[in-house]
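Q: Please take a close look at one part of this structure, the place where two chains meet, and then describe one of the partners by itself.

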Amino acid sequence: MSAVCAALAADPVLATHYADFSAKTEAALDPALVALVREAVAAVHGMGAAPDEATLDAGTRTCLAYARRMPFEHTAITDEEAATVVAHLGEAGFVAFSVLAALADAECRAESVGLPELAGEGS
Amino acid sequence: MSTIPRVSSGVAGEPAHFGSVLAHQPEIAESFFALYGHFWGSDVLAARIKEVARMRNARVTECGFCRNVRFEKAVAQGLGEEVVDDITDGYETSAKLTDAEKAALKFTDALIHDPELLTGDARAALQRHLTPAQIAELGLGVTLFLALAKALITMGLEPEVMDRTVLPTPAVLEAAE
């Protein structure tokens with residue numbers, strides 16, 4: 001469960017809608033890629049090991065390199081980098097991938113500030 | 001940072017913007033707008049505080065679109081431009097922002113920039129001014145503001161120029177419920 005969902009435990013309406021948004025985003029992509037993106041982004045934040053890319057195809061490695069830029073270098077991503085991801089995933093896939101990578105980054109940050117504990121204390 | 005869309009509009013006849021690009025993924029779009037409508041419709045945390053956090057995120061992430069949009073509900077709660085002008089570095093000394101808003105801004109900075117900013121006094125101030133339920137809602141908001149700003153920027157959807165624009169506050173569409 002993400003830090004955001006955990007923090008919303010006392011608000012089932014928002015929790016359900018957030019979980020649905022996250023699930024719909026993930027469902028639009030290959031489950032293996034979803035897991036790799038989340039691992040890669042978490043590793044940038046120092047939350048776990050980076051995925052082993054030795055056996056991955058070039059397109060997937062390109063996606064992971066792009067995802068790793070999301071936490072601290074999102075304004076430096078170039079048109080060419082984006083184009084390589086679009087070429088691999090297609091436009092619809094690129095949209096879902098962009099939301100997923102950004103959401104994965106934000107969820108790591110929510111965990112880093114201890115959002116679930118802050119939202120749970122005293123409730 | 002590119003102002004040239006990196007993905008086309010998914011709506012015939014419309015230019016590429018966040019909504020039209022998200023149309024490539026209608027299930028994600030529908031779910032997001034339902035979530036965002038419920039978030040802004042909830043009054044657990046005042047819309048003015050949500051908007052203060054959104055403005056701070058817009059400035060730190062360099063999202064020009066986010067920075068120029070204002071939501072009616074927050075404006076109606078007194079978030080005028082003279083207050084927005086203070087949502088910049090040094091907001092701690094603002095006479096126009098409330099203590100609760102300053103605590104929310106520190107939380108926002110911690111989440112989007114450096115978690116070490118929310119230790120000691122800052123954490124205590126957040127918990128003094130906001131209830132756990134309000135912090136949960138603020139956390140959801142900042143998570144969404146940050147993620148959407150980054151998604152928008154990396155998809156090349158930043159406007160070249162944009163005037164300040166007051167928009168209706170996102171709401172839940174009755175037909176969607």
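A: **The contact and chain A**

The contact takes 42 residues from chain B and 44 residues from chain A, where two residues are in contact if their C-beta atoms, placed from the backbone, lie within 7 Å. On the side of chain B that touches chain A, at least two residues each come from α1 (18-22), α2 (26-41), α7 (99-112), α8 (121-129) and α9 (132-154) of chain B. α9(B) gives the most to that side, with 13 residues. Helices (H or I, at least four residues) and strands (E, at least two) are DSSP runs, numbered from the N terminus. By class, this side of chain B has 26 nonpolar, twelve polar and four charged residues. Ala, Val, Leu, Ile, Met, Phe, Trp, Tyr, Cys and Pro count as nonpolar, Asp, Glu, Lys and Arg as charged, and the others, Gly among them, as polar.

The model is predicted: local features need pLDDT of at least 70 and side-chain atom pairs count only at pLDDT 80 or more, while totals for chains, interfaces and linings use all residues. Residues are numbered from 1 along each chain as its sequence is written, and chains are lettered from A and ligands numbered from 1 in the order in which they are written.

Chain A has six helices and zero strands. Along its principal axes, the C-alpha trace of chain A spans about 50 × 30 × 25 Å. Buried residues make up 46% of the 123 residues in chain A; a residue is buried if 20 or more other C-beta atoms, placed from the backbone, lie within 10 Å of its own. Of the contacts in chain A with a separation of 6 or more, 65% are between residues 24 or more positions apart.

Definitions and conventions:
Buried ≥ 20, exposed ≤ 12 C-beta atoms within 10 Å, placed from the backbone.
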